Amino acid sequence: MHRIIIIGGGAGGLELATRLGETMGRRNQAQVTLVDRCRTHVWKPLLHEVAAGSLDTEAHQLEYAAQAHWHHFGFVQGELVGLDRTEKTLRLAPVLSWDSNEEVLPARELKYDTLVLALGSQTNFFGVPGAQENSTPLDCLEQAEKLRRQLMQSCIREASKMAEGKASDGVHVAIIGGGATGVELSAELRRMETAFRKFGLYARRHGSDINISLIEAGPRILPALSERVATTTTDLLRRLGIHVFVGDPVTNVGASEVTTKSGRRLPADITIWSAGIKAPDVLTGLDGLEVNRLNQVKVTNRLQSESDESIFALGDCASCSWRGAQFVPPRAQAAHQQATFLAKALRARVNGRALPEFRYTDHGSLVSLGGASAVGSLMGGIVGGNILIQGLLARFMYAALYRKHIATVAGFRRMLVDATVHGLRRIGMPRVKLH
């Protein structure tokens, strides 16, 4: 059978594997295989909630092996390290044990007829001195969990100082980057602080003990959204007691402070970097595959690599033109649209038919502000303009995006069961993870 290998089990890659498995895999029309270095999937837009402890990862992880069994595709654990386009062979690194670095699986090679790269993105530190060494990014579940532990330990440490009557000015958190991740995380930390105070893990006093600074190099936060949304969000963040600094790029990240271009020095017990992304570095050395300056694979309007018609790319690791000089933005909705497109295009390719062209539609964006609030613009690509929404309605629609993702990869009935179970679990559990 025709061998289709998808590298990367993020939102786009997992959705594509599921769709192809349900159509071509179920009918033995193609052998569909998903490759990922991890064993489980967590929707990346939720990582800020993992970092703040408000999302139970055990309840929201999806196991690739189980998904593959239920939806008629194969799963191979491994990390892509090499590619031979002539032999149509890809190389995977050995899989090591997380606790002892013992080799669990050896290095392997896989043959493909069609290869889909859905590797997502990683943090771009832009060469800022000290950024990589002294800040924590939010690229994966492990980093989000590490950040959550750091935040909790810092809060407990400061609470102990206050209980002993020692001087303390609270925990200082610097979030570098005013995009969606930075904004959502800053708001979610306020929710974390409230829960910690409620359960006695932080000092019980008035005011805010977590000092949050959100630093954006550009003239406003949320540069990918409209100015109206950015202004509204800035006002809401400042009401939450979050210090918002714009137009002042970070020039150095130290172990305990952040320095900006204007000379401002902000204390930082914890620094989080969310200032930009690029595609994984491995893409720059894949047998002459053409990439741009952000390591993204250059693709045609059929999502085919410009270098090789047997290779496709989608999501954050693909550079696809849109509206002339613009490019499809690295958003979850783009990955979803591209996965839906490729599920049809690859069936056409296997059956010898001409490939259609991909067209991206911007449906707007939503940003969570923690608790029962959100803000964003909707229907931008449908009505020709942006509709600003905020509050409970926006929060409901933000939550619906995740449920739509679960329904896509697991089915509508399982999504309903999943939502019911999670709702019941929250009745008897703290709002944030306390361990």
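What share of the 435 residues in the protein do buried residues make up? Buried residues, that is, those under 20% relative accessible area, with exposed meaning over 50% and partly exposed in between (1.4 Å probe, protein chains only), make up 51% of the 435. The structure is a predicted model, in which local features need pLDDT of at least 70 and side-chain atom pairs count only at pLDDT 80 or more, while totals for chains, interfaces and linings use all residues. Residues are numbered from 1 along each chain as its sequence is written, and side-chain values use heavy atoms, with hydrogens and water left out.

The secondary structure comes to 12 helices and 28 strands, where helices (H or I, at least four residues) and strands (E, at least two) are DSSP runs numbered from the N terminus. The C-alpha trace spans about 75 × 45 × 40 Å along its principal axes. The radius of gyration, taken over C-alpha atoms, is compared with a globule rule of 2.2 Å times the number of residues to the power 0.38; the protein has 22 Å, which agrees with the value near 22 Å that a compact globule of 435 residues would have.

The largest nonpolar core has 102 residues, and Ile-6, Leu-16, Leu-90 and Leu-117 are those with the most contacts inside it; such a core is a set of buried Ala, Val, Leu, Ile, Met, Phe, Trp, Tyr and Cys residues joined through side-chain atoms within 4.5 Å. Helix H9 gives the most to this core, with 8 residues. A second, separate core of 13 residues includes Ile-176, Phe-245, Val-253 and Trp-273.

Helix H9 covers residues 332-350 and reaches 27 Å from its first C-alpha to its last, close to the 27 Å expected when the span is taken as 1.5 Å times one less than the number of residues. Among its buried residues are Ala-339, Leu-342, Ala-343 and Leu-346, and these four are also in contact (heavy atoms within 4.5 Å) with Leu-16, neighbours within four places in sequence being left aside. What covers the buried residues of H9 includes helix H1 (11-25) and strand S1 (2-7). H9 is followed by Gly-352, whose phi is positive, near 80°.

Asn-28 lies in the loop between H1 and strand S2 (30-36) and counts as exposed because its relative accessibility is 56%. Asn-295, in the loop between strand S20 (277-278) and strand S21 (297-298), counts as buried because its relative accessibility is 9%.
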